[in-house]
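Let's take a friendly walk through this chain together. Have a look at the sequence and the fold before reading on.

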Amino acid sequence: MRILSIRRYAAFGVEAVMLMTAVAALGQKKGQNYDRAAIATVLHDANVYVASDADAQKISLVTPGHEIQIVERSGPWVKVFANTDINDDANEDDRNKPMFGEDANVMPASGWIRDKGILGPATSGGDVILFGSAANFEDEAERPHAPKGAAASAHLLYKRVAEYFPNSPLAGEAAWRAADIRWQLDKLDVSTLPSAKEQEAYLRPQIYEGELKKVIKTYPGSEFAARAAFDLLDNKLCGDWQGLPKCPEMETGQYVKYAQQYADGPKAAEALYNAVYRQGVVVTMYLVQEDKKKSDEAAKRMQALAMDLKARYPKSEFAARGESLAFKVSQGIPIYGSDRD
């Protein structure tokens, strides 16, 4: 959690006191009634000026998805408290939560922005506009040499869809996409740490689960809850198998359990395939340990899982992939390590 120091706030004098009061009040908005007409976000980079004058000093920048509180309007200008959401996670109790986003140098600021590209809960068709804007940023983030901050903007804009328009048919997917983007970025951060290669999951920092768990709680039984639960498995997997069957055996169980719990979900077939693959890996690992009995037992489990996958999801690509792996193992071809004879 990033908290601005008292020393940094002191530099703003009386204006800072007003700003801190506004931010504190906004901190209650997530679960309380609040002036929805005054809350909004921006769809583009918006400079915050000291006065409603293009020649005035620029004091801050609001990037897409960050929130503003509208105080007053004057012609083509709007007075705002900007970046009022940078401490939204203040109540999230997760000490292992990785730092997320591009907010290290972002501060709340009071000033004026141009009255364009501003969208709030009262905007007609705002859910579609926000979702589309988020999808565009997400597309940019997936391209080579992606613009800095594109993924973070997509995350926040998707998040606003669910917050501003909870009854929109896009709300569930938007909440899921926001949570998944954050998950993937935090997962990438964690993967760069030396501890990422530790065999046991508890020996490395856990990826922050709050947003995904909120999706599961808010949209129970939905495909988005199933997708969120699939992501959460990452925190239970080993960092490195280290050539030992303990990890793929455990992970097989995790994926089978998931496939049973979310049998109708969009990730069930993939989960079963992951279980098939891991049992195939175990076959090879036990052979390397010269434990033919356990290797044969793993091969039987793998064949059973592959048959179950084919029976339950016959049209899935993963069923065909699982059958291919099962055939290779039945032919004595290892699927882990070198398969050269």
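## Confidence along the chain

Keep in mind that this is a predicted model. The chain has a mean pLDDT of 85, with 82% of its residues at 70 or more. Among the elements of the chain, helix α7 (residues 223-232) has the highest mean pLDDT, 98, while helix α1 (residues 6-10) has the lowest, 29.

Two stretches call for care. Residues 1-34 have pLDDT below 50, and beyond near neighbours in sequence this stretch has 42 contacts in the model. The pLDDT is also below 50 over residues 98-102, a stretch with 20 contacts beyond near neighbours in sequence.

## Helices α5 and α7

How do the axes of α5 and α7 cross? Helix α5 (residues 171-191) and α7 have axes that come within 9 Å and cross at roughly 10°. Because angles under 35 degrees count as roughly parallel, α5 is roughly parallel to α7.

On the α5 side, the contact is made by G172, E173, W176, D180, W183 and Q184. Helix α7 brings F224, R227, A228, D231 and L232 to the contact. By type, the residues of this contact divide into five nonpolar, four charged and two polar.

## Helix α9

Helix α9 (residues 268-288) has 21 residues, which at 1.5 Å a residue should span 30 Å. The end C-alpha atoms of α9 are 31 Å apart, so the model agrees with that expectation.

Is α9 mostly covered or mostly exposed? Mostly covered: 17 of the 21 residues of α9 are buried. After α9 comes E290, with a positive phi near 60°.

Technical notes
Residues numbered from 1 in each chain as written. Predicted model: local features only at pLDDT ≥ 70, side-chain atom pairs only at ≥ 80, totals over all residues. Heavy atoms only, no water. pLDDT = per-residue confidence, 0-100. Helix = DSSP H or I, 4+ residues; strand = E, 2+ residues; numbered from the N terminus. Contact = heavy atoms within 4.5 Å. Axes fitted to C-alpha atoms, helices over the stretch in contact; angles between N-to-C directions. Parallel < 35°, antiparallel > 145°, perpendicular 65-115°, else oblique. Nonpolar A, V, L, I, M, F, W, Y, C, P; charged D, E, K, R; others polar. Expected span 1.5 Å × (residues − 1). Buried < 20%, exposed > 50% of the residue type's maximum accessible area, 1.4 Å probe, protein only.
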